[in-house]
Amino acid sequence: MTIQARPRSPWESLDLGFALARAWFGRLWLCWWLTAGPVALVAALVLHRHPQLWLLLLWWCKPAFEALPLYWLSRAVFGEQLAVAATLRSLPRALPPRLWPQCLWRRIAMHRAFSMPVTLLEAPRGRARRQRLRRLGTGASAWLTLVCAQLEGIFWLSGILLLAFLIPAGLPMPDLTTAFVDAGPASYWAGSLLLLVAMSVVAPCYVAAGFALYLGRRTELEAWDLELVFRRRSPRGGRSARAGAAPLLLATVLAAAAPSPVAAAVMTPAEAKARIEAVLAQPDFGDTREVHVWVYVGADSPSAAAADDGAVLPAWLVQALASGAKWALIGLAAGALIALALRLLPISGGAQRRRRRRREAGAPASPPRAGDAPTPPTDIAAAVRHALAIGDVRGALGLLYREQVTQLRATGLALPDGATEAQCLRAARARLQPQALTRLTRVVTLWRAAAYGHQPVRPDSVAALLPAEAKACAHNDHG
Amino acid sequence: MSTANPPSDERLQDARDALGRIERAVNRTVLGQRQVVREVVVALAAAGHVLLEGLPGMGKTLLVRALAHALGGRFARVQFTPDLMPADITGHAIFDLQTETFHIRRGPIFCNVLLGDEINRAPAKTQAAMLEAMQEQQVTVEGQSLALTPPFLVLATQNPIEQEGTYPLPLAQLDRFLLKSYMDYPGADDELSVVRTVTAGAVGDTLDVSAVEQVLAPAQVLALQATAAALTLDDAVLDYALRLVRATRDWPGLDSGAGTRAAVALVRAARGHALLAGEAFVSPDDIKAMTPAVLRHRVRLGAELEIEGYRPDDVLAELLAAVAAPRA
């Protein structure tokens, strides 16, 4: 692959970066996994109970994973394609200590793709780095970050949907929401692995495009293309050009922004002038072309011009409308982001709300549920006493039974929604202490008799099953 | 919802004892098929018919004969074959040359317990001859409706493997069976007992049910069925049964779900199960226990699930876990 050094617009540079990524995708992808793979494995061993933290850690360490592909690419662009062993040996150089800030307080920066080559290859520090970045600008790196993030998302969702579509029609479809929000089940791990794969696929493109932006910007600012031409034309530069211009350019890249001494110093001014004129005489510098195009300049008649003048809105109104439209768009975008966050973040209870909405809408795909089994109140004793006070013995027993089911689930017992009283009792036998099991058995017996058998149950026997009363009874029994 | 006159404790106790005696009597003869025997006894209490499915030699015929022996009453057996005609089951009119009149000769269906052996070997026309009898407890012969003597219980068997030369039962016919029970291979110990018992002093292949004592008279069976029908049924339990049946209609993987008759059958079977368990009321556990037997022949699996080797019981188990049981 031949890369021509010439000034490029940011979009051309991005295109060059994606072309580089396509050409060397395998090597860049391997470089990414050389650092990401071990980290993912070790993190999975440590955080296997916390898949969200595992995913967050890997996402946060992306700059460290991208350093090795960047290092390899910075060599490959200038003709030095490192083998795998050499790449592994270069790990200490590719992951210097100055990478840490990229993984810490600079992690969220939108211009990371552009600032990484500056930080890792030029290695300026502190104020010098800031000045250097200010001088280079950031090009379209923020757009690059945005597009690559979206690409990751698209690949991730596509992977999940592909897996879902591979399930034969008619087989029970897994709940896809668990791949996004609920931690723990296999589908969430599968979703997380797919996101890691999506990150690894996009990373070579991101790194290469950021590096190409960096090259393009430096070519534009520091006239590398001219310098290469000068070098080819100078006696010493000619030898370099015959050997390939790349090593020279590499030296330039790695020698920071300081202008390097050129071979022109050994020429006389007359010789230099002649060479400069020869260069300027080349088509790249002296070519002029005359182009004729039609341009609409408006109507000739004064009346039409006057009518047009009358239709023009006042400048202040145009300004106000534009400002209003801008703020409306900002508001819409903010609203959409908030709605998306509320929908996706488990901390906001989005999943629960979604399930509740689906129940309310009566979606046919979801299994029908008992609509009259609300969550037991926090103060169960007060609620039971109130139910007994108004003569609702069945309601009081229902509260106690649901509280028992909730407690059983809190102990880690997997009780499905369809678990009946006998199933709860069977499951509880292996988990509960004899005292608690006795209370549960009593609650279930009275509940079944009152609710399903319509048999009279004395309120005081229900009140005796309240947690505090049960403890007191047990204490007295032991005493 | 509850019945106006729930059965007394004494009546409940009698019914439970009678069912327990029948179950024990049949279990003494048919070894290693406790679940199937229990389901058949539940169907007896619920006054429903049973379709028994199992490989040859699993004891299907023996079970039915033992049950008929324990119940007393009249027992009949029809071996379904491709050339069997409806009149061979229901009966027909014959011309009496002496009196020059037609007389109705009643078929084997006029009994208390009918064993329809290999029911799927007869064509649909003959199978349909039993629809009226199973649903309305009557038979029409030569335009004349003849009532069957209650209790009337049909126990039909079919072989799930051999499909050549068989006529699968249509859904309308299947729906008439309250339950469908699978007779699987017995455990090693049970099988050993079967072989030892059957071969001890026996000559030939005869099925000896003489050891089964008669436990009930037909009239007592009717009383027992009335007791089951009078058990208390709460609205929450009824709602649970209905939600289970309705869930089959939208459940992924099922081409067709169960109809309203299935909901009725589920409640009836649950009453029988509750009575057999000695309860005075129907609970969600009874509904859940009977759901596979009541619904497995009323739902139709999608082609994909069948190819994947799923059985209706697998889907019903998922459905039972997902449909919320009443808790308030």
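B:Asp117 is buried, its relative accessible area being 7%. The model is a predicted one.

- Side chains of opposite charge can pair when their charged atoms come close.

**A network in chain A**

- Which residues are linked in a network of salt bridges? They are A:Glu122, A:Arg132, A:Arg218 and A:Glu222.
- A:Glu122 and A:Arg218 form a salt bridge through their side chains, at 3.1 Å from N to O.
- That pair links distant parts of the chain: A:Glu122 belongs to helix H8 (residues 112–122) of chain A, A:Arg218 belongs to helix H11 (residues 186–222) of chain A, and the two are 96 residues apart.
- A:Arg218 also forms a salt bridge with A:Glu222, where the closest N and O atoms are 2.8 Å apart.
- A:Arg218 and A:Glu222 both sit in helix H11 of chain A, 4 residues apart, which is about one turn of the helix.
- An α-helix has 3.6 residues a turn, so residues three or four places apart point the same way.
- Is A:Arg218 buried or exposed? A:Arg218 is buried, with a relative accessible area of 0%.
- A:Glu122 is buried as well, with a relative accessible area of 10%.
- A:Glu222 has a relative accessible area of 22% and is partly exposed, because buried means under 20%.

**Patches on the surface**

- A patch of negative charge on the surface gathers B:Asp255, B:Glu304, B:Glu306 and B:Glu308.
- B:Asp255 lies in strand S11 (residues 254–256) of chain B.
- The relative accessibility of B:Asp255 is 58%, so B:Asp255 counts as exposed.
- In chain A, a nonpolar patch on the surface is formed by A:Leu53, A:Leu56, A:Trp59, A:Trp60 and A:Ile108.
- Together these nonpolar residues have about 470 Å² of accessible area.
- A:Trp60 is placed in helix H3 (residues 51–60) of chain A.
- With a relative accessibility of 31%, A:Trp60 counts as partly exposed.

**Helix H11 of chain B**

- Helix H11 (residues 260–276) of chain B is made of 17 residues.
- The helix reaches 25 Å from its first C-alpha to its last, close to the 24 Å expected at 1.5 Å a residue.
- How many of the 17 residues of H11(B) are buried? The number is 13, and H11(B) is mostly covered.

- B:Ala122 is found in the loop between S5 and helix H5 (124–128) of chain B.
- B:Ala122 has a relative accessible area of 0% and is buried.
- B:Ala122 and B:Phe80 are 42 residues apart in sequence, while in space their C-alpha atoms are 5.3 Å apart.

Note on methods
Residues numbered from 1 in each chain as written. Chains lettered and ligands numbered in written order. Predicted model: local features only at pLDDT ≥ 70, side-chain atom pairs only at ≥ 80, totals over all residues. Heavy atoms only, no water. Patch = residues over 30% accessible without salt bridge, like charges linked within 9 Å, V, L, I, M, F, W, Y side chains within 5 Å. Areas by Shrake-Rupley, 256 points an atom, 1.4 Å probe, with all protein chains shown as cover. Salt bridge = Lys/Arg side-chain N within 4 Å of Asp/Glu carboxyl O. Lys, Arg positive; Asp, Glu negative; His and termini not counted. Charge placed at Lys NZ, Arg CZ, Asp CG, Glu CD. Buried < 20%, exposed > 50% of the residue type's maximum accessible area, 1.4 Å probe, protein only. Expected span 1.5 Å × (residues − 1).
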